[in-house]
Amino acid sequence: MRDYYVMLGGFGSGKSELALNMAVNKAAAGDCMLVDLDVINPYFRSTERADVLEAAGVELISPPYSMKKIEIMSLSPRVYAAFAPGEGTVFFDVGGDHVGAVAIGQYKPNFMKLPPEKLNVLFVINPRRPVAADFESASALLEKIQGVSRLQVTGFVNNANLAEETVPEHLLEGYEVVKQLSEATGIPVWGTCGTQEILDGFEKIVAEKQLDERFIGRRYPIRILMHRSWDKFLTEGL
Amino acid sequence: MAKKLMKGCEAIAEAAIQAGCRYFFGYPITPQNDIPEYMSLRLPQVGGCFLQAESELAAINMVYGAAGAGARVMTSSSSPGISLKQEGISTAAAAELPCVVVNMMRGGPGLGNIQASQGDYFQATKGGGHGDYHVIVYAPSSIQEAVGMMAKAFDVADEYRIPVMILADGLIGQMMEPVDMDQVGEVHLREKPWAATGYVPGGKKPRAVINSLYIETEDLDVLVSRLEARYEVIRQKEPMIETYKTEGAEYILCAYGTVARVCKAAVRILEEKGVKVGLVRPITLWPFPYDKVREAIAQESVKEALTVEVSSGQMVEDIRLAVNGIKPVQFMGKGGSRIPSAEEIAERIMEMRRA
C-alpha cells in the first residue's frame with residue numbers, strides 16, 4: 001500500500017520545493033511518484049525539475065504539454081495510475097491558492113478509498129508571502145483551499161523564507177503562525193522546513209525561547225531545487 | 001514593513017494600490033496574469049473595483065471611462081494585448097486622461113512566445129497608436145525599482161494628464177525577489193476639476209466634457225498644440241537615467257530594464273580584466289534622456305558604445321540619435337527572447353577592443 005502526500009498552500013509558499021525534496025529523498029528508499037497537478041501557472045512548477053526527478057528515479061506525471069511554452073488546462077489520465085495498487089510513496093504537487101487546488105478536488109473518490117493513516121495532506125505556509133502573511137489570512141486561505149480541494153488538511157508545514165535572504169528568525173515568524181493555526185483548528189504541525197544552516201540557526205532560537213515542540217514538528221532539511229534567483233533566470237529563462 | 005517574497009507582478013499590483021489605484025480593468029495574457037489575479041483579490045479589500053473585461057479593447061475603454069471620472073486607474077497586459085489596447089491609449093492621450101498601463105513584454109511579433117523580450121520599445125516610445133501623441137514610459141530593471149516607480153507613475157500621469165506606461169518584461173513579472181513594499185514613494189493625490197463627475201444644472205462647476213473628436217481643423221490644432229507644449233515641458237523635466245561607472249570609461253554599454261542588470265555584471269567582469277566600461281541605463285524611455293546619454297558617450301576617453309537589447313535593435317536608434325555620429329555605436333541583441341549572458345557581453349567588448 002502506498003503512502004500519499006498532498007501539498008496544498010498559497011502561491012509561492014514552497015509546495016513544489018518540499019515535494020521535490022521529499023520525492024528525491026523517498027526515491028532512495030523505494031518506489032516514488034510525483035504528480036504535478038499545477039494547471040494554472042506555466043512557470044514555477046515541479047515539472048521544471050524533471051531532470052532532478054529523473055536522476056533520482058522518481059516517476060513524474062505532468063499535465064500534458066507542460067513546459068512546452070503553451071498552456072492547456074488539462075490533466076493527464078495517467079494521474080489515476082497513482083491510485084493503482086503498489087508500494088512506495090506518491091506526492092501530489094497542487095497549484096497555488098484555492099484556484100490551483102481546484103484541480104485535485106475531482107480525485108476525492110480515490111482519496112476516500114485510502115486508509116486515513118496513508119494520506120497526508122500538508123498545508124505549506126510561508127508568512128513572508130503576501131497572501132498567507134498572518135493567522136487571519138492563512139486561516140482564510142486554509143478554509144478556501146480545503147473547500148475546493150475536498151480534502152482535510154492533516155498537517156501544517158512551517159516554510160517561512162525570504163529566498164536567498166532567509167534568516168532563522170523567519171522560521172520563528174512561521175512558528176507563530178502555524179502555532180495559532182494549529183491551536184485554532186486542532187490540526188497538528190507536521191514539520192518545519194529550511195536549509196540545514198537555517199534549521200541549525202532556528203534550533204538556537206528554539207532553545208533560547210523554549211518554543212513548544214508540538215508546533216515545530218520534525219525538522220525537514222531541504223536543498224534549494226526550485227527557487228529561481230536572478231542568475232538562474234538568466235541561464236534558463238522563465 | 002518587513003521585506004516580503006514577492007513576484008514582480010504581485011509587487012507592481014500592490015504598489016499601485018498603495019499609490020492610490022482603486023480601479024483595474026484587464027484581460028488575461030501570460031506573463032502578466034498575476035497582476036489582474038492579485039488585483040482581483042486586493043481591490044475589493046480596499047474599496048476598489050476589479051473587473052475582468054471581455055477583451056483588451058473593452059478593458060482600455062473602461063480605463064478611459066474611469067480616468068475620465070477622475071479615478072486612479074490601471075490596466076496591464078503583455079505585448080499582443082498591448083497592441084490591442086493602442087487605439088484606446090491614443091484616444092486617452094487625445095482626451096488628456098491620466099492612467100497607468102503596464103506592459104510585461106513577451107516575445108513577438110504576432111503571438112510570439114511567453115518568454116521575456118524587449119521588442120515593444122518602438123511601440124511604447126514612438127506612438128503605438130495613431131496620431132501625434134506620447135505616453136511617458138518608465139522601464140524598471142528590478143522588482144524593487146518597479147515598486148518605487150508606481151507612485152511616481154500615477155502622480156506624473158495626473159500632473160500632465162497623460163497616459164503612463166510601465167514597460168517591463170516577463171522576467172520582472174515572473175521573478176520572485178525579496179521586496180521592501182515600503183518603498184512605493186510619496187503619493188500626491190490632486191484635485192481633478194476637469195473630471196466628468198456629474199453636471200448639476202445651475203451649479204458652480206461647468207459641464208465637463210471628455211472628448212477626442214475635433215472635426216474642425218482649427219479645433220484639432222488647439223488640442224495638438226496644447227499637447228505638444230506639454231510634451232516639451234515633459235522632455236525638459238522628466239527624463240531619468242542611471243549612469244554606472246561611466247566616468248573615464250573606455251567603452252559605454254547602453255541598456256534598459258532587466259538587460260541593464262546583466263550589463264552591470266558585464267561591467268564588473270570587465271573591470272576585473274582591467275577594462276574600464278560604464279553603463280548608461282535610460283529609466284524613462286520617453287522622454288528619452290538624450291543629453292545624459294550623449295554626455296556619457298561623448299567623453300574623450302570613450303572609444304565606442306555598445307547597445308544591448310533583447311530585440312533586433314530598437315533603442316539603439318535613440319542612442320545613435322543622442323550621440324549624433326560623435327562616436328560609433330554598435331548593437332548586440334536579437335529579436336525573440338534570447339537574453340545575452342554577462343560573459344557574452346563582456347566577450348563582445350573584448351572583441352571590439354581587439355578590432
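The model is predicted, so local features need pLDDT of at least 70 and side-chain atom pairs count only at pLDDT 80 or more, while totals for chains, interfaces and linings use all residues. Residues are numbered from 1 along each chain as its sequence is written, and chains are lettered from A and ligands numbered from 1 in the order in which they are written.

- Gly12(A) lies in the loop between β1 (3-9) and α1 (15-27) of chain A; helices (H or I, at least four residues) and strands (E, at least two) are DSSP runs, numbered from the N terminus.
- Gly12(A) has 29 C-beta neighbours inside 10 Å and therefore counts as buried (20 or more other C-beta atoms within 10 Å is buried, 12 or fewer exposed, in between partly exposed, with C-beta atoms placed from the backbone).
- Leaving aside residues up to four places away in sequence, Gly12(A) touches Gly96(A) and Arg129(A), as well as Leu5(B), Lys7(B) and Met176(B); contact means C-beta atoms, placed from the backbone, within 7 Å.
- Arg129(A) is 117 residues from Gly12(A) in sequence, yet their C-alpha atoms are 7.1 Å apart.
- Overall, 19 residues of chain A are in contact with 24 residues of chain B.
- The chain A side of that contact has 9 nonpolar, 4 polar and 6 charged residues (Ala, Val, Leu, Ile, Met, Phe, Trp, Tyr, Cys and Pro count as nonpolar, Asp, Glu, Lys and Arg as charged, and the others, Gly among them, as polar).

**Pro168(A)**

- Pro168(A) sits in helix α6 (residues 168-185) of chain A and is partly exposed, with 18 other C-beta atoms within 10 Å.
- Beyond residues up to four places away in sequence, Pro168(A) touches Ile198(A), Gly201(A), Phe202(A) and Ile205(A).

**Helix α6 of chain B**

- Arg161(B), which follows α6(B), has a positive phi, near 50 degrees.

Definitions and conventions: Two residues are in contact if their C-beta atoms, placed from the backbone, lie within 7 Å.
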